[in-house]
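Please read it alongside the sequence and the coordinates.

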Amino acid sequence: MRGLMGNFQTMPLTEVVDLLSRRRVTGSLTCERGSVRKSLEIRDGVAYSASSNDPREYLGQLLLNFNHVSEEQLARAFQVQAETKVKLGKVLIMASIVSEETVQQT
């Protein structure tokens, strides 16, 4: 599928995601509003990674906000991440601080 560009008045986000899923697309979907940029990585129509440049939406902050981790656990996980270059969610799962399901849902 060739690249798409437009706004959600033309095609709502739910319809875009449904289209990408039905066509089993592999690629990335990036949405911007002002200075906030969000991306969704898709493989064969299934989302497998998401990111945002808004610090309020970083995984660690969300896990902290929902009381899945303490500040101390998060700080230690950041240290391990810096040392190992392993993604934060994986570090937290490997340390049995949160479940894989919790990371995926968050």
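Arg24 is found in the loop between α1 and β1, where helices (H or I, at least four residues) and strands (E, at least two) are DSSP runs numbered from the N terminus. The model is a predicted one, in which local features need pLDDT of at least 70 and side-chain atom pairs count only at pLDDT 80 or more, whereas totals for chains, interfaces and linings use all residues. Residues are numbered from 1 along each chain as its sequence is written, and side-chain values use heavy atoms, with hydrogens and water left out.

Most residues other than glycine have a negative phi.

| Residue | Phi | Relative accessible area |
|---|---|---|
| Arg24 | about 50 degrees | 54%, exposed |
| Asp44 | about 55 degrees | 40%, partly exposed |

Asp44 lies in the loop between β2 and β3 (46-52), while Arg24 follows α1.

Helix α1 comprises residues 13-22 and includes Val17. Its buried residues are Val16, Leu19 and Leu20. Seen down the axis of α1, these buried residues fall within an arc of 95 degrees, so they line one face of the helix; the arc is that of the directions from the helix axis to the C-beta atoms. On the other side of α1, Thr14 and Arg22 are exposed. The buried residues of α1 pack against β1 (27-33) and β2 (36-43).

Which residues make up the largest nonpolar core? A nonpolar core is a set of buried Ala, Val, Leu, Ile, Met, Phe, Trp, Tyr and Cys residues joined through side-chain atoms within 4.5 Å, and the largest one has 10 residues, namely Leu63, Leu64, Val69, Leu74, Ala77, Leu88, Val91, Leu92, Val98 and Val103. The elements that give two or more residues to this core are α2 (59-65), α3 (71-84) and α4 (88-94), and α4 gives the most, with three residues. Apart from this core lies another, of five residues, among them Val16, Leu20, Leu29 and Ile42.

Leaving aside its neighbours within four places in sequence, Leu88 is in contact (heavy atoms within 4.5 Å) with Gly60, Leu74, Ala77, Phe78 and Gln81.

Notes: Buried means under 20% relative accessible area, exposed over 50%, partly exposed in between (1.4 Å probe, protein chains only).
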